[in-house]
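Take a look at the chain below. Trace it from end to end before you read on.

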Amino acid sequence: LSYNIIYKDSVTVVAFYFTNLHPENEIKNIKCTLQLPENISSKVITQNDIFYNIDNKSFSLDSLAPKSTSIALIETRINKFSFNMNVNGKISYFNIDNFSKNLRYTFNLEISSFLRPLSLNTNAFGQLWSKQNTSENISVKNIPAIIDSKEKIAKHFHNFLNFYPVEISRTTNETILSSKLLFKKELIVLLHCGLVHCNLNIKIRSKDKFLVQLVGRNIQRWSESNS
């Protein structure tokens, strides 16, 4: 099993890839069960009729041929903020000898999975900045090479954290970025990033304190994973 997160305009989709690596034998009666935190809801969708939707937290597959892969798509929505966004689950199946096998999996959905880039110009950013009443300063020490310039910050924060690069300063090592929350369109997140030697200093602003904390934690984790 492997997975990939797909960012659509109005929803976040998790694609599950089920692969039978055996060169000769099929596997049968495959069932996948999701265990989601209470703040995340799901809906099983598929691109074909291979999967049977048991409910919105489990689905099954009759068989999987040797050296083949099938894909199941799961729409996910965040209903409220929580530091716990771990997705756990179990896959059960029968092998050629009719023995039951079980696999467990886990992965984490960060708040960036439910953010989308918010296109703003510099003037609009400045006006919105003053209206956000919650802020937090974080510092990423010894920044990884992938974000050791303001241009790289703009690129990677857009590609991996879903922030729109509003402006890359021509005269300083500063970048400003913006994003919006999917399920509460009135909530936005603004970033002011500044490179100082080997450190990246970021001011995060929004109207929601919990959202600010989640974004800060997300940025720190993402930076550490790329160190």
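**Overall build**

The model is predicted. The chain has three helices and 15 strands. Its C-alpha atoms fill a box of roughly 65 × 35 × 25 Å, taken along the principal axes. Of the 227 residues, 45% are buried. Take the contacts between residues at least 6 apart in sequence: 66% of them join residues at least 24 apart.

**Helix α2**

Helix α2 covers residues 150-161. At 1.5 Å a residue, its twelve residues should span 16 Å. The end C-alpha atoms are 15 Å apart, which agrees.

Which residues of α2 are buried? They are K150, I153, A154, H156, F157 and L161. An α-helix has 3.6 residues a turn, so residues three or four places apart point the same way. The buried residues of α2 pack against several elements, including β10 (115-117), β12 (164-168) and α3 (209-225). Strands β13 (174-181), β14 (188-196) and β15 (199-206) are also among their packing partners.

After α2 comes N162, with a positive phi near 65 degrees.

**The cores**

The largest nonpolar core holds 52 residues. Within it, F157, L191, L200, V215 and I219 touch the most other members. Helix α3 gives the largest share of this core, six residues.

What does V215 touch, leaving aside its neighbours within four places in sequence? V215 is in contact with I111, L115, F163, V189, L191 and I204.

**Empty spaces**

Rolling a probe the size of a water molecule over the atoms shows where empty space is left.

| Space | Volume | Lining residues by class |
|---|---|---|
| Largest pocket | about 360 Å³ | six nonpolar, seven polar, two charged |
| Second largest pocket | about 190 Å³ | nine nonpolar, two polar, no charged |
| Largest cavity | about 50 Å³ | eight nonpolar, two polar, no charged |

Start with the largest pocket. It is lined by 15 residues, and I5, Y7, N108, E110 and W222 lie nearest its centre. The elements that give two or more residues to this lining are β1 (2-7) and α3.

Next comes the second largest pocket. Its lining includes L1, F18, I27, L64, I91 and L103. The elements giving two or more residues to that lining are β2, β3 (27-35) and β8. Strand β2 supplies the largest share, three residues.

How many cavities of 30 Å³ or more does the structure hold? It holds one. The residues lining the largest cavity are V14, F16, L34, L36, S42, I74, T76, V87, F107 and L109. Strands β2 (12-20) and β7 (68-78) each supply at least two residues of this lining.

**Positive phi angles**

Most residues other than glycine have a negative phi, and most peptide bonds are trans. Now look at two loops.

K67 is not a glycine, yet it has a positive phi of about 50 degrees. K67 is found in the loop between β6 (58-64) and β7. Is K67 buried or exposed? K67 counts as exposed, because its relative accessibility is 64%.

N98 also has a positive phi, of about 65 degrees, and it is not a glycine. N98 is found in the loop between β8 (86-94) and β9 (100-108). With a relative accessible area of 57%, N98 is exposed.

Note on methods:
Residues are numbered from 1 along each chain as its sequence is written. This is a predicted model: local features need pLDDT of at least 70, side-chain atom pairs count only at pLDDT 80 or more; totals for chains, interfaces and linings use all residues. Side-chain values use heavy atoms; hydrogens and water are left out. Helices (H or I, at least four residues) and strands (E, at least two) are DSSP runs, numbered from the N terminus. The expected span of a helix is 1.5 Å times one less than its number of residues. Buried means under 20% relative accessible area, exposed over 50%, partly exposed in between (1.4 Å probe, protein chains only). Contact means heavy atoms within 4.5 Å. A nonpolar core is a set of buried Ala, Val, Leu, Ile, Met, Phe, Trp, Tyr and Cys residues joined through side-chain atoms within 4.5 Å. On a 1 Å grid over the protein atoms alone, a cavity is a set of points where a 1.4 Å probe fits but cannot get out, and a pocket is an open set with protein on both sides within 12 Å along at least five of seven lines; lining residues have an atom within 4 Å of a point. Grid points are joined across faces, edges and corners, and a volume is the space filled by probe spheres set on the points. Ala, Val, Leu, Ile, Met, Phe, Trp, Tyr, Cys and Pro count as nonpolar, Asp, Glu, Lys and Arg as charged, and the others, Gly among them, as polar.
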